[in-house]
Amino acid sequence: MKKIMQYSQDKFNSFTDEKKIRIITSFVNEIDKLWQDEEKRKNLLVELENCLEYVVDSSNRDLSNVLTRAKRLQSKTHLEFMTTFTSLLTKYSKEPRDHDLMEPRQNESKKHLTVPLYAILENLRSAFNVGSIIRTSECFGVRKVYMCGYTPTPDNIKVKKTSMATDEWILWERRKDILELIDQLKEQESIRLVALETSPDAQPIQLSSISQPAVIIVGNEAHGLSKEVLEKADQVLKIPLSGRKESFNVGVAYGIACYEILRKWDML
């Protein structure tokens with residue numbers, strides 16, 4: 001909700017129960033997000049209380065249940081407030097992501113350091129995963145992230161939102177030809193190519209020795225890395241799993257790999 005919506009009683013009660021619930025959950029999510037801002041919170045609570053008072057009765061059981069619990073909202077703690085609306089949010093509200101709940105913050109007093117680690121993303125489809133990888137890369141001090149093939153870049157608003165604006169603090173570049181990029185990195189940087197895959201012949205990452213500098217290459221969420229890239233890799237590594245599922249989300253796997261490599265390099 002980008003601006004506070006004000007509804008008259010007649011206007012609000014002209015809506016269907018479904019739309020009333022959407023409005024109420026929007027107010028709740030915004031209040032939750034801005035809870036620490038007392039002035040904005042109080043203003044939003046007034047509007048929410050007005051909407052709830054307008055609903056004298058409702059055939060919708062979920063809305064009726066909330067009406068019986070939603071009293072004296074201004075005096076509730078954050079926990080009490082959210083508990084009042086939990087069932088409604090669970091059923092009707094879109095699940096919030098990090099960028100919905102947090103504002104990007106930078107520790108200005110902390111010196112920005114980079115490590116001799118790079119990332120190449122081959123044909124990732126999910127903007128959410130790309131944004132997550134960018135954010136992880138910035139947190140670990142990765143020097144540069146390359147988006148290859150049809151991998152979305154921070155020009156995509158979903159990537160930028162999920163990255164929490166860390167794309168502004170880290171080097172990134174779009175490259176169409178991943179094989180050309182790999183050859184250039186090997187020639188210019190003498191870089192170690194570490195492919196992250198789930199293939200049976202991949203070596204467990206915790207047992208591997210990885211020299212500096214290195215680049216982690218991750219591939220398409222469904223199909224993995226291309227055969228040509230795997231053939232060029234110096235090492236094909238995997239993260240051992242104990243559960244029934246055969247792979248992590250690509251963003252999660254990338255984060256684990258970054259941590260393990262930097263731990264080996266004693267750079268954490």
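The model is predicted, so local features need pLDDT of at least 70, side-chain atom pairs count only at pLDDT 80 or more, and totals for chains, interfaces and linings use all residues. Residues are numbered from 1 along each chain as its sequence is written, and side-chain values use heavy atoms, with hydrogens and water left out.

**Whole chain**

- The chain has eleven helices and seven strands; both are DSSP runs numbered from the N terminus, helices being H or I of at least four residues and strands E of at least two.
- Of the 268 residues in the chain, 43% are buried, where buried means under 20% relative accessible area, exposed over 50% and partly exposed in between, with a 1.4 Å probe and protein chains only.
- Among contacts (heavy atoms within 4.5 Å) with a separation of 6 or more, 76% join residues 24 or more positions apart.

**Helix α11**

- The 15 residues of α11 should span 21 Å at 1.5 Å a residue, which agrees with the 21 Å between its end C-alpha atoms; the expected span is 1.5 Å times one less than the number of residues.
- The buried residues of α11 are V250, G251, A253, Y254, G255, A257, C258, E260, I261 and L262.
- These buried residues pack against β1 (115-122), α7 (127-140), β2 (142-148), β4 (192-196) and β6 (214-218).
- At the start of α11, the backbone nitrogen of G251 has a side-chain oxygen of N249 within 2.7 Å.

**F248**

- F248 sits in the loop between β7 (235-238) and α11 (250-264).
- With a relative accessible area of 37%, F248 is partly exposed.
- Leaving aside residues up to four places away in sequence, F248 touches I239, L241, A253 and I256.
- T198 is 50 residues from F248 in sequence, and their C-alpha atoms are 9.5 Å apart in space.

**T166**

- T166 is placed in the loop between α8 (157-162) and β3 (171-175).
- T166 counts as buried because its relative accessibility is 5%.
- A polar atom of the T166 side chain lies 2.5 Å from the backbone oxygen of S163.
- Not counting residues up to four places away in sequence, T166 touches I134, R135 and E138.

Conventions:
A polar contact is a pair of N or O atoms within 3.5 Å; within protein, one must be able to donate a hydrogen and the other to accept it, and residues adjacent in sequence count only if both atoms are side-chain atoms.
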